[in-house]
Amino acid sequence: MVERFPISKEGMSKLEIELKHLRSVERVNVIKSIAEARAHGDLSENAEYHAAKKKQGFIEAKISELEDKISRAEIIDISQVRGEQVKYGASIRLLDEDTEKEIAYKIVSEYESDASKGMISITSPLAKALIGKKVNEYLEFNTPKGIRYYKILSVDYI
């Protein structure tokens, strides 16, 4: 059975753009590099040729990886998601019970996550702990710095 994963329309678009770029630009450039390196003669001691072949392998692996991701993606229209429970696409405000500071996160796919922007992967430990919780519920979460206690202040789907 193929394991599907949720992703936003925007996240899917980024994956498709990256795949198109790899196929139409990077792949073409590396093929040219290999041809140029071959023209220099003896391939056994041709560093340019070996570097280009290595890069070609990397590009082909990345293309395969993106094709796999795209084939398994399940596009979720967050504007259509409703409810009080935390699930994929939720924008959550938490209150850190120890510091009294508010923290905001949005649960996104692992391919869209960026912790510096408050976008956490649905596969992250914090997101897994939040899934299914509701406003005003408390969460005990183990971090490298010890146990943290959070109160869920809001759950929105924006």
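## A covered strand to start with

Strand S3 covers residues 91-96, and five of its six residues are buried, so S3 is mostly covered. Here "buried" means under 20% relative accessible area, "exposed" means over 50%, and "partly exposed" lies in between (1.4 Å probe, protein chains only). Strands (E, at least two residues) and helices (H or I, at least four) are DSSP runs, numbered from the N terminus.

Before going on, a word about the model: it is predicted, so local features need pLDDT of at least 70 and side-chain atom pairs count only at pLDDT 80 or more, while totals for chains, interfaces and linings use all residues. Residues are numbered from 1 along each chain as its sequence is written, and side-chain values use heavy atoms, with hydrogens and water left out.

## The sheet around S3

Which strands make up the sheet, and in what order? The order is S5-S4-S3-S7-S6, an open sheet of five strands with mixed pairing. Two strands pair if DSSP finds at least two bridges between them. The edge strands are S5 and S6 (138-143), and each of them pairs on one side only. From one strand to the next, the twist averages 40°; axes here are lines fitted to C-alpha atoms (for helices, over the stretch in contact), and angles run from 0 to 180 degrees between N-to-C directions.

Let's follow the pairs. S3 and strand S4 (residues 102-108) run antiparallel and are joined by five bridges; Leu 95 has Glu 102 in S4 as its bridge partner. S3 also runs antiparallel to S7, with six bridges, and Ser 91 stands opposite Asp 156 in S7. Strand S7 (residues 146-156) is joined to S6 by six bridges, and these two strands run antiparallel as well. There, Thr 143 has Gly 146 in S7 as its bridge partner.

Most residues other than glycine have a negative phi. Where do we find Glu 100? Glu 100 is in the loop between S3 and S4, and its phi is near 65°, a positive value in a residue other than glycine. The hairpin of S3 and S4 has five residues between the strands. Glu 100 counts as exposed because its relative accessibility is 54%.

Asn 136 also has a positive phi, near 75°. Asn 136 sits in the loop between helix H3 (125-130) and S6. Its relative accessible area is 48%, so Asn 136 is partly exposed.

Now look at Ser 121, which lies in strand S5 (residues 119-121). Is Ser 121 buried or exposed? With 9% relative accessibility, Ser 121 counts as buried. Its side chain makes a polar contact of 2.7 Å with the side chain of Thr 123. A polar contact is a pair of N or O atoms within 3.5 Å; within protein, one must be able to donate a hydrogen and the other to accept it, and residues adjacent in sequence count only if both atoms are side-chain atoms.

Leaving aside neighbours within four places in sequence, Ser 121 is in contact (heavy atoms within 4.5 Å) with Val 108, Ser 109, Glu 110, Ser 113 and Ala 127. Ala 127 belongs to helix H3 and counts as buried, at 0% relative accessibility. With neighbours within four places again set aside, the contacts of Ala 127 are Ile 107, Ile 120, Ser 121 and Ile 122. The C-alpha atoms of Ala 127 and Val 86 are separated by 8.8 Å, although the two residues are 41 residues apart along the chain.

## Helices H1 and H2

H1 (9-38) has 30 residues and reaches 42 Å from its first C-alpha to its last, close to the 44 Å expected at 1.5 Å a residue. The expected span is 1.5 Å times one less than the number of residues. H1 bends by about 35° at Leu 22, where the bend is the angle between axes fitted to the seven residues ending there and the seven starting there. Among the buried residues of H1 are Leu 15, Leu 19 and Leu 22, and what covers the buried residues of H1 includes S1, H2 and S2.

Helix H2 (residues 47-72) has 26 residues that should span 38 Å, and its end C-alpha atoms are 38 Å apart, which agrees. At the start of H2, a side-chain oxygen of Asn 46 comes within 3.2 Å of the backbone nitrogen of Glu 48. Buried residues of H2 include Ile 59, Ile 63, Leu 66 and Ile 70. An α-helix has 3.6 residues a turn, so residues three or four places apart point the same way. The cover over the buried residues of H2 includes strand S1 (5-8), H1 and strand S2 (73-76).
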